[in-house]
Amino acid sequence: MRADEVLVAHHDVLRGLLRELAGTTDAQTGQRRRLRAEFLRELEVHAQIEDELFYPAVADVSPLLSVAHAEHRQIDDQLATVMRTAPDDPEFATEVRMLEATLHHHTVEEEQRMFPQSHALGEERLQELGRRLQERQRELTRSGAMRLIVRLKRTVLRLV
Ligand SMILES: [Fe+2]
Ligand SMILES: [Fe+2]
């Protein structure tokens, strides 16, 4: 798969998790906790492979990197709010919908603007980059270090 195809597939996972989370009720606290933790884990992996591999690779062909970095921070901030909100809090659904809107905007902008710009790298480099993204994605998903970072981050976000 080409790099942009790998990232679009992962966007679908992220958007799907938030859609599912947005569809829960205040009474489904266990489900909300599970989906929220799963989203946090997938988002960490996604941001990591973009920051570490994809964004540096497209730096010369896309002027959108600083916007993208700012949007990652905004998504992090909004996720922090969702992490601090109790799953049975009436505000929970509103916070999730706001996070969903920001994630939607960011992923659509990548898909409609940045990824087409990345095609300037050529098919061969995009395929090679796609392989590296998938490899790193698998590695991070499996890795105990990543799970530790996520756990720490979750703790820190709760304390902010
Ligand atoms: Fe991104
Ligand atoms: Fe992305």
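1. A residue is called buried here when its relative accessible area is under 20%, exposed when over 50%, and partly exposed in between, with a 1.4 Å probe and protein chains only. By that rule Tyr55 and His72 are both buried. The model is a predicted one, in which local features need pLDDT of at least 70 and side-chain atom pairs count only at pLDDT 80 or more, while totals for chains, interfaces and linings use all residues. Residues are numbered from 1 along each chain as its sequence is written, chains are lettered from A and ligands numbered from 1 in the order in which they are written, and side-chain values use heavy atoms, with hydrogens and water left out.

2. The iron ion (ligand 1) is coordinated by Glu50 (OE), Tyr55 (OH), His72 (NE2), His106 (NE2) and Glu110 (OE), at 2.1 to 2.3 Å; donors are N, O and S atoms within 2.8 Å of the metal (3.2 Å for Na, K and Ca), and sites may look incomplete because water is not among the atoms. Tyr55 belongs to helix α2 (residues 29-58) and His72 to helix α3 (residues 65-84), so this pair ties together parts that are 17 residues apart in sequence. Helices are DSSP runs of H or I with at least four residues, numbered from the N terminus.

3. Within α5, Leu126, Leu129, Gly130, Leu133, Gln137 and Leu140 are buried. These buried residues fall within an arc of 110° seen down the axis, so they line one face of the helix, the arc being that of the directions from the helix axis to the C-beta atoms. On the other side of α5, Glu124, Glu135 and Arg142 are exposed.

4. The largest nonpolar core has 39 residues, and those with the most contacts inside it are Phe39, Phe54, Leu79, Met114 and Leu133; such a core is a set of buried Ala, Val, Leu, Ile, Met, Phe, Trp, Tyr and Cys residues joined through side-chain atoms within 4.5 Å. Its largest share, 10 residues, comes from α2.

How values were computed
Helix = DSSP H or I, 4+ residues; strand = E, 2+ residues; numbered from the N terminus.
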